[in-house]
Amino acid sequence: MSAERDQQMQADLAQLLPNLRAFARSLAGTVDRADDLVQETLVKAWQNRESFAMGSNLKAWLFTILRNTFLSLERKKRFEVSDPDGEHANRMAVPASQTAHMDAVDFSEAFAKLAPDHREALILIGAEGFSYEDAALMCGCAVGTLKSRVNRARTKLASLLEPDRIISDDAA
Amino acid sequence: MTDHRNEQGTAKQDAAELHPDVQERLGAKLRETYNGVVSEPLPERFTRLLEQLMETSGNTGDGQ
């Protein structure tokens, strides 16, 4: 492992950190838990950096590590006490600067009501702009499954946020 | 299986129910919320962590 390559990796990690934090926030909800998730992801990525093929998609690689870490933590959690309500209320905690926008709060609350795999699909496609093919690889599912998750996530969000605008029986 | 909602509903159906305007607004809000987090200042713990990781790589050339 060359020091040069390590330096490059370190710089790349630093650059992608904000996106990792945002992705983690959308999965884990609370800021602290999300940042713990990012920390664990960085450590794992560093330990396994030799297995990363230089030139391939580092963001996709890191996001995959992060979501797998999240899922294994969730599996562990299932055997422990469920979340206190306080943590739920905090999900996708909106920065104070945005709370002036009632919209933003409503959106975060609605988003938090989605199933984790639907949140994930929506973020990868709708916010990060990954291709369906890449996102499906990252999630370990079929492209059709991913598309279905995205569509259901959108429909659910719309039904929560704009119930009056949901149409329509005359769509045909 | 007592739930009347159609969990197996096809993607096509789901998508067809959503007005393009609504979908666009939702997408904009999603990106706005997400990018809000992306643009947050980075906590110091991560700057420190990156430095620590680099130190564990050993051969940074300096020190020793």
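What pLDDT does chain B average, and what share of its residues score at least 70? Chain B averages a pLDDT of 75, and 62% of the residues score at least 70; pLDDT is the predictor's confidence in each residue, from 0 to 100.

This is a predicted model, in which local features need pLDDT of at least 70 and side-chain atom pairs count only at pLDDT 80 or more, while totals for chains, interfaces and linings use all residues. Residues are numbered from 1 along each chain as its sequence is written, chains are lettered from A and ligands numbered from 1 in the order in which they are written, and side-chain values use heavy atoms, with hydrogens and water left out. The model scores ipTM 0.81 and pTM 0.79.

**Stop 1: chain B**

Colour chain B by pLDDT and select residues 1-15, where pLDDT stays under 50. The model has twelve contacts for this stretch beyond four places in sequence, a contact being heavy atoms within 4.5 Å. Select next residues 59-64 of chain B, where the pLDDT is also below 50 and the model has two contacts beyond near neighbours in sequence. Where pLDDT is low, the predicted coordinates should not be read in detail.

Helices (H or I, at least four residues) and strands (E, at least two) are DSSP runs, numbered from the N terminus. Of the 64 residues in chain B, 30% are buried, that is, under 20% relative accessible area with a 1.4 Å probe, protein chains only.

**Stop 2: two helices of chain A**

Select residues 31-47 (helix 2) and 58-77 (helix 3) of chain A. Their axes (lines fitted to C-alpha atoms over the stretch in contact) lie 9 Å apart, at an angle of about 120 degrees (on a scale from 0 to 180 degrees between N-to-C directions). The two helices are therefore oblique to each other, the class left after roughly parallel (under 35 degrees), roughly antiparallel (over 145) and roughly perpendicular (65 to 115). Show the side chains in this contact, including L37(A), T41(A) and K44(A) of helix 2 and W61(A), I65(A) and F70(A) of helix 3.

**Stop 3: W61(A)**

Centre the view on W61(A), in helix 3 of chain A. Is this residue buried or exposed? W61(A) counts as buried because its relative accessibility is 19%. Beyond four places in sequence, W61(A) touches M9(A), A45(A), N48(A), R49(A), S51(A) and F52(A). Finally, select M138(A): 77 residues separate M138(A) from W61(A) in sequence, yet the two are 7.8 Å apart in space, C-alpha to C-alpha.

Technical notes
Buried < 20%, exposed > 50% of the residue type's maximum accessible area, 1.4 Å probe, protein only.
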